[in-house]
Structure formats: structure tokens, C-alpha cells
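Dear colleague,

Please find below the structure that I am handing over to you. My findings follow directly after it.

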Amino acid sequence: MVVVVLDFSKVFNSVRHSTLLTKMAQLDLPDAVFNWLVDYFRGHEHCTQYNGVTSAMLPISASIVEGSAVGPVSYVVNAADLTILSSINQLVKYADDTYLVIPASNVETRGAELDHVELWAAVNNLRLNRDKCTEIIFVHPQRRRSVEPPPLLTGVKRVTTMKMLGITVTNTLSVAEQVQAIIRACATSIHALRVLRCHGLNDTALQIAYRAIIVARLTYASSAWWGFTTADGRQRIEGFLRRGIRAGFYLPSWPTVENLVEDDDDVLFSRVLNNVHHVLHPLIRERNQHGYELRRRRHDHTHF
């Protein structure tokens with residue numbers, strides 16, 4: 001399987017207001033909401049001041065604020081008509097992060113798909129930055145027969161490690177680098193907590209900070225990568241948590257990382273199961289029809 005990470009130059013600054021509002025007009029929005037959005041994007045101007053001289057005011061016809069509540073949603077609407085040529089391929093989009101997923105049987109379509117994305121970007125006042133696009137080829141780590149990789153895409157760098165929404169994976173689906181990166185980042189935060197203790201911060205406040213910073217970082221998106229960790233990787237993560245217990249930042253009676261991950265998985269599965277509009281809901285299989293269970297399971301659906 002091949003995954004191409006797409007990069008658009010200054011994407012939030014390049015979204016044209018007229019194009020965006022045209023696409024929003026096609027949505028089933030209440031008139032009051034649409035009129036508010038029109039008014040929100042209208043009437044903005046800018047000027048340049050240098051060496052005591054100020055230029056004339058010019059209207060701002062493009063750009064959306066990335067850190068605002070409207071910004072990411074607006075880009076999602078703007079990119080909604082970005083599609084693929086082959087029905088076998090997939091285009092995964094999360095705000096401005098876009099991934100082109102191509103199975104091994106369809107690798108010859110990579111170039112055409114990338115050209116299609118580049119054409120869409122030009123029509124929508126965006127620019128596909130091929131120099132920052134990366135391609136990774138996932139292979140089975142236990143595959144004995146070597147496979148000849150497809151030729152390089154024009155201007156696209158091929159890598160063996162990539163970060164997807166903050167999760168580092170390798171082309172063999174190993175998350176060892178993700179575990180290492182998490183522990184390295186948490187070690188820096190541990191040092192900061194010790195400095196705060198030296199300045200008089202009490203243990204209760206330190207424990208709150210530890211759970212909000214360290215534990216949250218250890219379990220970030222754990223449902224996506226915990227299953228790919230090795231026994232050694234899990235021991236390293238649990239060992240780091242035990243360091244927090246010895247330092248008094250985490251109580252021994254509090255749950256382990258594995259327990260926290262299981263709880264998060266249960267919450268995620270419940271949300272997917274009970275929400276037919278959830279993006280993962282189509283992946284749920286039917287319920288088991290037999291009446292026996294060979295092992296304890298957390299649900300009664302067939303395996304994914």
C-alpha cells in the first residue's frame with residue numbers, strides 16, 4: 001500500500017472567499033447562518049506601513065483564520081469537492097491534512113491522481129507543494145519475497161517514516177519511534193514538574209499537572225497505535241509511569257496506561273456503535289449468531 005501525504009502551500013491564507021461562499025451556498029444551511037458567514041468574510045482590508053509611509057487600503061479576498069472556530073470548518077467545506085479519479089483509491093482528509101491512499105494493485109495511478117489534485121488546487125487558488133509532499137510504501141515486515149517498489153513520483157520525496165496527525169509510523173507499521181518520541185517529550189515535562197516542586201508547588205497541583213500533561217501525552221490517540229506496540233514498547237511506557245509514581249506525581253492506586261487505553265477503546269467503540277453517522281460506523285460488523293464464546297471479549301460483534 002502507498003500513502004502520499006499532500007502539502008498545500010499556505011493553505012489557510014489562500015482560500016478564496018468567493019469560491020468558499022459559493023460552495024457554502026450549496027449546503028443545506030439556514031439563510032441566517034449563510035448570511036452571517038457572508039458578512040463574516042466581507043469588509044476586511046489591509047495595508048502596508050514601512051519607513052513612515054502607509055500604502056492604500058486593499059480588500060482581503062482570500063484567507064481564513066486557522067485558529068478560529070470557523071477556519072478549519074471553512075477549509076473542510078472548501079476541500080469537499082476534492083475527489084479521486086479511481087474508485088479503488090481513497091482520499092483521507094482531516095482539516096488541512098490530506099492523505100492519498102493507494103493499494104498495491106493500483107500503484108500505477110499515483111501520477112494521475114497527483115496531477116488531478118494539483119489541477120484541483122490551481123482551480124481553487126491553492127498550490128500543491130510537491131517538494132514537501134512525501135510518499136511512504138507500507139510493506140509486510142515478514143514478507144519473504146522482495147517486491148520492486150514503483151518508480152518515484154516527480155518532485156515527491158519517498159520516506160520510510162512519517163507522522164500522521166501526530167502519530168509516527170514506519171513503512172513496516174512499527175510505532176517504536178512513536179514510543180521513543182512520547183517518552184522523550186514526557187521526560188522534558190517531568191523536569192519542568194520537578195522545577196515547579198522546587199518553587200513550592202504542592203503535590204496535589206503537581207498530580208493534576210502530571211495527569212493533564214504526561215498521562216494525556218502517553219495516551220494521545222492510543223486507540224490508533226497501541227495495538228502496534230511491542231511488549232518492550234509497552235513496558236517502556238508503563239515504566240515511565242512508574243517513575244511518576246516514585247516521584248509522587250502519580251498515585252499507585254490510579255490506573256495503568258494499559259487500563260487507560262482499554263477504557264478509551266471502550267468509549268470510542270461505544271460512540272461508534274451508537275452513532276450511525278460516525279465515520280467508523282460502517283466498519284462495524286454484524287453481531288455473533290452463535291451462542292458460545294471461546295474467550296472473554298468486550299463486545300459481541302464479529303472481528304473487524
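Ser63 counts as partly exposed because its relative accessibility is 24% (buried means under 20% relative accessible area, exposed over 50%, and partly exposed in between, with a 1.4 Å probe and protein chains only). Ser63 lies in the loop between β5 (58–59) and α4, and its phi is near 100°, a positive value in a residue other than glycine. Helices (H or I, at least four residues) and strands (E, at least two) are DSSP runs, numbered from the N terminus.

Please note that this is a predicted model, in which local features need pLDDT of at least 70, side-chain atom pairs count only at pLDDT 80 or more, and totals for chains, interfaces and linings use all residues. Residues are numbered from 1 along each chain as its sequence is written, and side-chain values use heavy atoms, with hydrogens and water left out.

Asn125 also has a positive phi, near 65°, in a residue other than glycine. Its place is the loop between α5 (110–123) and β8 (134–137), and with 35% relative accessibility Asn125 is partly exposed.

Is Asn78 buried or exposed? Asn78, in helix α4 (residues 70–78), is buried, with a relative accessible area of 0%. Leaving aside residues up to four places away in sequence, Asn78 touches Val15, Thr19, Leu20, Lys23, Trp120, Asn124 and Leu126, where contact means heavy atoms within 4.5 Å.

Yours sincerely
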